[in-house]
Amino acid sequence: MVQPPKSPIALEDRASEQGRLYSPSAARNRDAIAEVLARVLPTGASVLEIGSGTGEHAVAACQARPDLSWQPSDPDAASRDSQAAWAGEVGGAILAPLEIDLLRPQTLVAIDGFDALVCMNVIHIAPWAVAEALASLAQDRLRPGGHLVLYGPYLLGDETAPSNLAFDASLKSRNPEWGVRPLDAVTTLLASHGLVLVERVDMPANNLMLIFQRREPE
Ligand SMILES: C[S@@+](CC[C@H](N)C(=O)[O-])C[C@H]1O[C@@H](n2cnc3c(N)ncnc32)[C@H](O)[C@@H]1O
């Protein structure tokens, strides 16, 4: 059987202006996401974002919460350039982007402890090993009591939205290793790394925001 070609990293179609990339989906969902981030992140939190894409979510979050220190990252160089171009919108709150690829452990060695890890629209459009690496990173580098925030679509058994079932099929046709992840598989994986689901927020267009907290050591 002929397998569809694998692309290592999935990026949306994005418009560009003076180095800033614009993502149509970020334009639709960034305000709702920033509202939740602004509510759940602790005062003065240092945040590491994995797979920041264009960098627009970092800007929206830091505009809503100027006390945050936000570290964007991405394996993709054009995305990192866009994150740096967008960072000027919010003074010094957004740090110079890091090259972080969850599947390349050598890109993870310099990461210090963070109060929060944020990862949006990544784990369904990457192999499951990316979710596993994210769980390990949160276990190792998130401060005890710190938050891991995920955003995206999930499979919810019989209650899965038809649009998410169709999205899952389309992802798998592009790459059999991708796919909308079952919510219980994600919570089980993270629980096995000491991360407890403390809040689930239903978001527009059948997405969820999931807030996990790293357990304090006994
Ligand atoms: C669909 S985009 C989402 C971008 C942004 N988070 C958003 O919600 O607009 C997926 C992002 O995941 C990043 N990504 C893919 N594989 C990754 C990996 N192995 N480690 C870290 N980021 C990855 C891509 O470079 C891309 O920026």
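A polar contact is a pair of N or O atoms within 3.5 Å; inside the protein, one atom must be able to donate a hydrogen and the other to accept it, and residues adjacent in sequence count only if both atoms are side-chain atoms.

The model is predicted, so local features need pLDDT of at least 70 and side-chain atom pairs count only at pLDDT 80 or more, while totals for chains, interfaces and linings use all residues. Residues are numbered from 1 along each chain as its sequence is written, and side-chain values use heavy atoms, with hydrogens and water left out.

View 1. A polar backbone atom of Met 120 lies 2.8 Å from a nitrogen atom of the ligand, and a backbone N or O atom of Gly 51 is 2.7 Å from a ligand nitrogen atom. An oxygen atom of the ligand is 2.9 Å from a polar side-chain atom of Asn 121. The ligand taken alone exposes 600 Å², of which the protein buries 95% (areas by the Shrake-Rupley method with a 1.4 Å probe).

**View 2. Asn 121 in its loop.** Asn 121 is found between strand E5 (114–120) and helix H4 (128–141), where strands are DSSP runs of at least two residues and helices (H or I) of at least four, numbered from the N terminus. Its phi is near 55 degrees, a positive value in a residue other than glycine.

**View 3. Ala 205 in its loop.** Ala 205 lies in the loop between strand E9 (195–203) and strand E10 (207–214). The phi of Ala 205 is near 60 degrees, again positive in a residue other than glycine.
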